[in-house]
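Follow the chain in the viewer while reading.

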Amino acid sequence: MFKKEAIEIIRKAITEEGILASAQQKDNYARVWARDSMMTGYAGILVNDAEILAGLEKSILTLAKHQAENGQIPSNVVNGKASFGTHVGRTDATTWWIVTTCEYLKITEKQELKNMLEQKIRQALLCLKTWEYNQRGLVYSPLGGNWADEYVTSGYTLYDNVLRYWAVKNAAEVFEDHELKNIAENTRKLIQDNFYKNTSDSVKYHETAYARTSAKPYFWASLNANGYDGRFDLAGNALALLLDFDLDVKAFSEFLQSVSTEFNHWMLPAFYPVIFPGDDDWRLLENNYSYSFKNEPYHFHNGGSWPIFLGWLCLGLKRKGITDIPEKILTQYETLMNEKGEHFREYYSTDKLLPLGTEQLCFSASGYLLMTY
């Protein structure tokens with residue numbers, strides 16, 4: 001229904017530097033953001049759109065040009081100037097760049113481009129290795145260190161580690177590197193054994209916390225020195241499904257249905273449950289912002305619904321053979337865009353289903369394309 005419009009919005013956001021975050025090209029969104037341009041480029045690969053693929057290549061090269069000495073990929077680039085984050089760096093800028101660059105290299109016949117980018121990719125992988133800190137296999141992200149930069153998750157996060165696994169796995173395939181393949185397999189096992197309750201006798205990162213944490217029908221959001229964050233991270237779980245991690249799909253589907261029933265719609269929250277004033281985590285929220293506070297209950301990262309990650313969830317569920325929930329999510333999103341007259345806004349509040357945030361966002365247009373694929 002909206003596929004042509006989604007593709008046009010992305011095309012309008014393409015510049016000489018690459019794919020900007022929004023077709024409106026204003027304020028902070030008129031930049032080549034690593035995660036935005038890479039996820040948008042991934043959607044372009046799926047729909048095989050030549051203009052978007054050309055924009056993706058520009059984005060890849062722009063970000064690679066500004067790679068830091070330690071291999072880190074910039075959070076964003078604008079007018080030849082790179083930013084690696086304001087309060088903290090962004091772990092997922094580096095992982096998303098590797099993931100989608102490798103996805104692009106799989107489909108392009110440009111051997112010269114592959115040769116030129118190999119060292120850049122390997123440097124980025126080495127950077128991720130240094131972010132393990134304890135050399136035990138999982139990367140550690142600071143508070144505010146990924147897409148949910150004004151939220152409360154930190155430490156060994158599900159989302160960042162699944163992305164790291166995907167990055168190593170893709171690089172191993174592109175460069176036919178057996179050592180990287182072994183690292184990817186070990187990383188996968190670490191994630192499976194540490195973020196999902198199981199009967200494995202493998203050594204856990206935090207044996208005491210693992211023993212005390214209740215099983216969930218999904219992968220836990222994060223692990224820190226003070227224990228587990230057992231909330232539901234939709235993005236991390238969506239990517240885990242897409243990459244075929246093991247979980248009880250029936251129980252997971254029933255959980256999603258229960259959340260949908262609680263909210264009375266299928267625009268599922270990015271994180272669940274919602275944090276309210278007076279909750280323990282509220283103090284971590286109330287000062288963690290750059291321009292203005294956006295994380296009121298049911299808004300932004302704090303229970304807001306993001307079409308980009310609903311798109312990844314639909315892809316992941318279909319990877320596991322679940323088709324009814326993706327159909328319900330797509331129908332809900334299309335219905336809202338028709339009813340509200342607002343297309344491809346950044347996120348929806350989950351209490352009143354208000355379309356909020358930036359307009360004509362490539363993130364949301366890409367999420368729609370992922371839903372329809």
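Phe 344 sits in the loop between helix 13 (324-340) and strand 8 (347-348); helices (H or I, at least four residues) and strands (E, at least two) are DSSP runs numbered from the N terminus. The model is predicted, so local features need pLDDT of at least 70 and side-chain atom pairs count only at pLDDT 80 or more, while totals for chains, interfaces and linings use all residues. Residues are numbered from 1 along each chain as its sequence is written, and side-chain values use heavy atoms, with hydrogens and water left out.

Most residues other than glycine have a negative phi, and most peptide bonds are trans. Phe 344 has a positive phi of about 60°. Its relative accessibility is 0%, so Phe 344 counts as buried (buried is under 20% relative accessible area, exposed over 50%, partly exposed in between, with a 1.4 Å probe and protein chains only). Asn 79 also has a positive phi, near 50°, and lies in the loop between strand 2 (76-78) and strand 3 (81-83). Asn 79 is exposed, because its relative accessible area is 72%. A cis peptide bond, with omega about 5°, joins Tyr 272 and Pro 273. Pro 273 belongs to the loop between strand 7 and helix 11 (282-286).

Four strands form an open sheet in the order 4-5-6-7, with antiparallel pairing (two strands pair if DSSP finds at least two bridges between them). Strand 4 (156-157) and strand 7 (271-272) are at the edges with a single partner strand each, so one side of each has no neighbour in the sheet. Strand 6 (residues 227-233) is joined to strand 7 by two bridges, and Asp 233 stands opposite Phe 271.

Asp 233 and Phe 271 are also among the residues that line the largest cavity, as are Asn 146 and Trp 147. On a 1 Å grid over the protein atoms alone, a cavity is a set of points where a 1.4 Å probe fits but cannot get out, and a pocket is an open set with protein on both sides within 12 Å along at least five of seven lines; lining residues have an atom within 4 Å of a point. The largest cavity holds about 50 Å³, where a volume is the space filled by probe spheres set on the points, which are joined across faces, edges and corners. The largest pocket has a volume of about 680 Å³. Its lining has 31 residues, with Asn 28, Tyr 29, Trp 33, Asp 149 and Tyr 291 nearest the centre.
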